[in-house]
Amino acid sequence: MRRMLVAGNWKMNGSLESIKSLLDGLKSGLSRSEVKCDVVVCPSSVYLPTVSEQIVDSAIKLGSQNICDQDGGAYTGEIAGSMLAEFGCQYAIIGHSERRALYAESDELVAKRFAAARRGKLTPILCVGELLEEREAGQTEAVVSRQLDAVIALEGIDALADAIIAYEPVWAIGTGKTASPDQAQEVHAFIRKKLAALNSDVASNIVIQYGGSVNGANANELFAMEDIDGGLIGGAALKPDDFLAICQAAT
Ligand code: PEP
């Protein structure tokens, strides 16, 4: 039985003050609710220590927005898995489309970051998804396959037993244009079928989140689909009421 997971990717947003107020809202909302899904927040890395302290004794878990593919040494500006773990991170977002597009992260580099997360005992949240032109050219499955294959080639299919996949169509991220439940389900089912051809246990147990303009109003319909196991949330994760409604929808 898969457990739903809702993760908030705060991106490069927030300040000490706004983060405290966001967390206060989330903690009091969660303590009053019947939310049963796993809940993760992924702040900008400078805020990991304070968030880690503020979520002690709450149901909220901590994730990073990226991780270095190396374990330490002369890699200016990078953060190793062991450092993230020291500050309470249990998850690491890997290969977000903004990293792939704006910072030229290749499938191979994403796969190496995935491997580093596992070495650091963090659960990778591996983001995959197609651009609008790729969808329109009928290449969605080929793109998602290629992104998954890079990880499987480096780490093997069994490595996905300890991972989360986030299907995030790039055209739906931050655009307000979400994939329809059927569109999302189709790709989620494709991913599960692809993995099942290699390892049926991994395929049936892996959590596959949907990401792309999820909000309090559309989460119920998306999460009702058979192969959608929660969401990776951007904009709506910055609004306590919306994020709590999404967590409720995953319950
Ligand atoms: C994201 O950045 O992963 C994301 C899904 O953003 P948004 O929810 O704002 O579309």
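## Ground rules

Since we're looking at a predicted model, local features need pLDDT of at least 70 and side-chain atom pairs count only at pLDDT 80 or more, while totals for chains, interfaces and linings use all residues. Residues are numbered from 1 along each chain as its sequence is written, and side-chain values use heavy atoms, with hydrogens and water left out.

## The whole chain

Start with the parts list: the protein chain has 11 helices and 8 strands. Here, helices (H or I, at least four residues) and strands (E, at least two) are DSSP runs, numbered from the N terminus. The radius of gyration is 17 Å, close to the 18 Å from the globule rule for 251 residues, so the chain is as compact as a globular protein of that length. (That radius is taken over C-alpha atoms, and the rule is 2.2 Å times the number of residues to the power 0.38.)

The C-alpha atoms fill a box of roughly 45 × 45 × 35 Å along the principal axes. Of the 251 residues, 53% are buried; buried means under 20% relative accessible area, exposed over 50%, and partly exposed in between (1.4 Å probe, protein chains only). Take the contacts (heavy atoms within 4.5 Å) between residues at least 6 apart in sequence: 73% of them join residues at least 24 apart.

## Helix α7 and its partners

Let's look at α7 (residues 140–155) beside α5 (residues 107–119): their axes come within 9 Å and cross at roughly 50°. Axes are lines fitted to C-alpha atoms, for helices over the stretch in contact, with angles running from 0 to 180 degrees between N-to-C directions. The two helices are therefore oblique to each other; angles under 35 degrees count as roughly parallel, over 145 as roughly antiparallel, 65 to 115 as roughly perpendicular and the rest as oblique. On the α5 side, the contact is made by D107, A111, K112, F114, A115 and R118, and on the α7 side by R146, Q147, A150, V151, L154 and E155.

Now for α8 (residues 181–196). The axes of α7 and α8 come within 11 Å and cross at roughly 40°, which makes this pair oblique. From α7, the contact uses T140, E141, V144, S145, L148, D149 and I152, while α8 brings V187, F190, I191, K194 and L195.

E155 is in helix α7 and is partly exposed, with a relative accessible area of 26%. Leaving out residues up to four places away in sequence, E155 touches F114, A115 and R118.

Q185 is in α8, and its 14% relative accessibility makes it buried. Beyond its neighbours within four places in sequence, Q185 is in contact with M225, E226, D227 and I228.

A166 is in strand β6 (residues 164–167) and counts as buried at 0% relative accessibility. Not counting residues up to four places away, A166 touches I125, L126, C127, V128, Q209 and L232.

## Covering helix α11

In helix α11 (residues 240–249), the buried residues are F243, L244, I246, C247 and A249. What covers them includes β1 (5–9), α1 (16–32), β2 (38–42), α10 (219–223) and β8 (230–233).
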